[in-house]
Number of protein chains: 2
Amino acid sequence: MSSVEPGSRVATVLCVGVAVLDEIFRVESFPAPHVKTRAREFMAITGGNAANAAIAIARLGGRVVFAGPFGGPAGADMIGDRILAGLAREGIDVSNCRRIDGPMSSISAISIDARGERAIVNYRDDRLAAARPDDPAALVADVDIVLADNRFPEFVLEVCAAARAKGLRIVLDADQPTRHTHALLTLCSHVVFSTEGLAATGASDDLAAGLRAVRRHTGSFLAVTNGGRDMLWLEDDAVRRLASFRVEAVDTLGAGDVFHGAFALALAEGREEAAAMRFAAAAAALKCTRFGGITGAPTRAEVEALLAGA
Amino acid sequence: MSSVEPGSRVATVLCVGVAVLDEIFRVESFPAPHVKTRAREFMAITGGNAANAAIAIARLGGRVVFAGPFGGPAGADMIGDRILAGLAREGIDVSNCRRIDGPMSSISAISIDARGERAIVNYRDDRLAAARPDDPAALVADVDIVLADNRFPEFVLEVCAAARAKGLRIVLDADQPTRHTHALLTLCSHVVFSTEGLAATGASDDLAAGLRAVRRHTGSFLAVTNGGRDMLWLEDDAVRRLASFRVEAVDTLGAGDVFHGAFALALAEGREEAAAMRFAAAAAALKCTRFGGITGAPTRAEVEALLAGA
């Protein structure tokens, strides 16, 4: 961990939001009616924004606590059991995850065709969205930073409020707007949009105009990942660009989540925003060079090597 | 079980072939690139021709032994564990299933859209296809009839040879041709094609012509299920028709498998072919009235009621 000051302790990130079982079918072309498509490869892996980010941080050497709603109970909701076991295998603390008796946890079937395009179908039980954290203040008691997605806004909002009350910084992965989007935009110190999330929230297909539109509602740091192209962010209301790393992309699934996780970790370790974005962009680029969603998240040494060579 | 002679014992059917975990996503429209499709319903159920037929027979009151290759070992291949647990819950004897260490068992993701159309992607490890039964003679020792599909021909062929040596009747679910199709056509006493299977095997899109073409290679009973339309079969080289039962179809997934299972059971109970086909067509029609693949397979009483009312 060469960028951390000698003697500094390992940073702890609380990731809060959604976790999914991603079932990936590698196909020649997408499934269609009246044809039985045979996949040549299959993987069942962890997915979901916050859960993927948690794995990325763990791979980079950070300590991670994950919190979010799951189906249950254990033993009956085998999908939740598998996701939680997968997170625990990465060294992530999942003891604060809530199991809701009755619904099953979320699952996605993802077909990836010969050109690397994805077709995703996701099932999520609406009862999970009603879940709230047991003790938000306890959740944020011993962490250095919070990373939240906006897929379970009821759950996430209370955690973010507790973090804000404690003066913690909060990175928001701002995907498509949901309930409480406005409240989250103001609670969170750093908002990183997806292209689609910014287009919908900023009501503009022009990314720079979208960032400026959102600026009217919040003083938070604002940026947008841009699907592998140059990222944009606002600095003193000026739009800045971060050149992306040139890599041979074979699978972009989870790359945005790796960015968010690495960005939060880098901030927690004391980097300025511009340096944290560059660290995160390097991590996301490396992920794209490997098939298998979040299983392709890089180690700290790999990211440092790419940064040193760039 | 009103059609069975008083005092007759319950018939035992050996079902041999493929079992799959079918994950069903009920969607408005099919998943496509650049869109995240949200499913409004999800079910994980048993699928695969022979396994579905086994469940249909169990629901109809027959005794069922299932045999076929699965991934393994238990505990590592969670998909196989789930399929086998599901079959056992239906009262099916799965003690003769072979677990192959290394590969995982088969899985399908099936999207069903608002019009009831299906898009299927399936993953099957090629190593399963190389598996052979441990002791084919023991498998057929205590059964009244065998039902085989042709998805694992290496495994099924040896079981069919042992059944034939014992003089047992064998019903073949003849889907798309695979290896050993010709050998299976001659070993099996009753061959029931899918429309696609007959078109490929009989080299004709005309079902009657296809049946006559196959007749040149085998003296077995030959029929074709016809996707809910009138079925055809050969009787003394004359093409006969069986009118289908009129039902409001909401889900045809597994209906063909219900037909094969019910047909084999009815033959084992002593019905003639024409009566067995009518019994099977009633069972398949009832299945189509219920969503959820093979979970919609009917009971004996339901089939008898439909037959009595028709």
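How many salt bridges does a search of the whole structure find over all chains? The search finds 34 of them, a salt bridge being a side-chain nitrogen of Lys or Arg within 4 Å of a carboxyl oxygen of Asp or Glu.

## Basis of the description

This is a predicted model, in which local features need pLDDT of at least 70 and side-chain atom pairs count only at pLDDT 80 or more, while totals for chains, interfaces and linings use all residues. Residues are numbered from 1 along each chain as its sequence is written, chains are lettered from A and ligands numbered from 1 in the order in which they are written, and side-chain values use heavy atoms, with hydrogens and water left out.

## Chain A as a whole

Chain A has 11 helices and 15 strands, where helices (H or I, at least four residues) and strands (E, at least two) are DSSP runs numbered from the N terminus. For 310 residues, a compact globule would have a radius of gyration near 19 Å, and the 18 Å of chain A agrees with that; the radius is taken over C-alpha atoms, and the globule rule is 2.2 Å times the number of residues to the power 0.38. Along the principal axes, the C-alpha atoms of chain A fill a box of roughly 55 × 45 × 45 Å.

Of the 310 residues in chain A, 57% are buried, a class that means under 20% relative accessible area, with exposed meaning over 50% and partly exposed in between (1.4 Å probe, protein chains only). Taking the contacts in chain A between residues at least 6 apart in sequence, 66% join residues at least 24 apart, a contact meaning heavy atoms within 4.5 Å. The accessible surface of chain A comes to about 12,200 Å², and 49% of this belongs to carbon and sulfur atoms; such areas come from the Shrake-Rupley method with a 1.4 Å probe, and for residues only the protein chains shown count as cover.

## Salt bridges between separate elements

In chain A, D81(A) and R99(A) form a salt bridge with an N to O distance of 2.9 Å. D81(A) belongs to helix α2 (residues 78-89) and R99(A) to strand β7 (residues 98-101) of chain A, so the pair ties together parts that are 18 residues apart in sequence. D81(A) is partly exposed at a relative accessible area of 23%, and R99(A) is likewise partly exposed at 24%.

A salt bridge also joins E154(A) to R179(A), whose closest N and O atoms are 2.8 Å apart. Because E154(A) lies in helix α5 (residues 153-165) and R179(A) in the loop between β11 (170-174) and α6 (181-187) of chain A, this pair ties together parts 25 residues apart in sequence. E154(A) is buried, with 16% relative accessibility, whereas R179(A) is partly exposed at 44%.

In chain B, the side chains of E154(B) and R179(B) meet in a salt bridge of 2.8 Å, N to O. This pair links distant parts of the chain, with E154(B) in helix α5 (residues 153-165) and R179(B) in the loop between β11 (169-174) and α6 (181-187) of chain B, 25 residues apart. E154(B) is buried at a relative accessible area of 15%, while R179(B) counts as partly exposed at 44%. Back in chain A, salt bridges that share partners join R132(A), E154(A), E158(A) and R179(A) into one network.

## Aromatic pairs

Over all chains, the structure holds 10 aromatic pairs; rings of Phe, Tyr and Trp (its six-membered ring) pair if their centres lie within 6.5 Å, and planes under 30 degrees apart count as stacked, over 60 as edge-to-face and the rest as tilted. One of these pairs is F25(B) with F42(B), which is edge-to-face, at 4.9 Å centre to centre and 65 degrees between the planes. F25(B) lies in strand β2 (residues 20-26) and F42(B) in strand β4 (residues 41-47) of chain B, so the pair ties together parts that are 17 residues apart in sequence. F25(B) is buried at 0% relative accessibility, and F42(B) is buried at 10%. Ring pairs also link F25(A), F42(A) and Y123(B) into a cluster.

## Helix α10 of chain B

Helix α10 (residues 273-288) of chain B has 16 residues and reaches 22 Å from its first C-alpha to its last, close to the 22 Å expected at 1.5 Å a residue, the expected span being 1.5 Å times one less than the number of residues. The helix is mostly covered, with 12 of its 16 residues buried, among them M277(B), F279(B), L286(B) and C288(B). The cover over the buried residues of α10(B) includes β13 (221-224), β14 (231-235), β15 (238-242), α9 (255-268) and α11 (300-309) of chain B.

A274(B) is found in helix α10 of chain B and is partly exposed, at 35% relative accessibility. A274(B) and D149(B) are 125 residues apart in sequence and 21 Å apart in space, C-alpha to C-alpha.
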